[in-house]
Amino acid sequence: MADNPCPSCGKTMEQGFLVAENFVEGARWTKVKTRFGTGGDKLVPPDALGNQYIPGFRCTGCKLLLLFY
Ligand SMILES: [Zn+2]
């Protein structure tokens with residue numbers, strides 16, 4: 001059994017961070033698209049330099065991201 005197996009293909013996922021810049025509202029999750037991309041739930045607070053690091057895993061085979069916020 002692989003460490004951190006991909007839920008789709010079962011191969012080992014790479015551990016890392018999704019990085020977002022928090023110039024206006026930053027990375028948010030939304031269930032619907034809006035015209036100007038506003039709204040949604042903020043996921044993580046920005047650091048002192050205005051970057052958001054969302055920890056998680058990726059599968060390069062499936063192009064799947066698995067994130068923890
Ligand atoms: Zn996969």
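## Secondary structure

In this predicted model, the secondary structure of the chain comprises 0 helices and 5 strands. Read along the sequence, these elements follow the pattern β-β-β-β-β.

## Overall dimensions and packing

The radius of gyration of the chain is 14 Å, whereas a compact globule of 69 residues would have a value near 11 Å. Along the principal axes, the C-alpha trace spans about 40 × 30 × 15 Å.

Of the 69 residues in the chain, 6% are buried. Considering contacts between residues at least 6 apart in sequence, 53% join residues that are at least 24 apart.

Where in the chain is Gly39 placed? Gly39 belongs to the loop between strand E2, residues 28-29, and strand E3, residues 41-42.

Is Gly39 buried or exposed? Gly39 has 11 other C-beta atoms within 10 Å, and a residue counts as exposed if that number is 12 or fewer. Gly39 is therefore exposed.

## Contacts and separation of Gly39

When neighbours within four places in sequence are left aside, Gly39 is in contact with Thr30 and Thr34. As for its position relative to Glu14, Gly39 lies 25 residues away in sequence, and the C-alpha to C-alpha distance between Gly39 and Glu14 is 30 Å.

Methods: Residues are numbered from 1 along each chain as its sequence is written. This is a predicted model: local features need pLDDT of at least 70, side-chain atom pairs count only at pLDDT 80 or more; totals for chains, interfaces and linings use all residues. Helices (H or I, at least four residues) and strands (E, at least two) are DSSP runs, numbered from the N terminus. A residue is buried if 20 or more other C-beta atoms lie within 10 Å of its own, exposed if 12 or fewer, and partly exposed in between; C-beta atoms are placed from the backbone. Two residues are in contact if their C-beta atoms, placed from the backbone, lie within 7 Å. The radius of gyration is taken over C-alpha atoms; the globule rule is 2.2 Å times the number of residues to the power 0.38.
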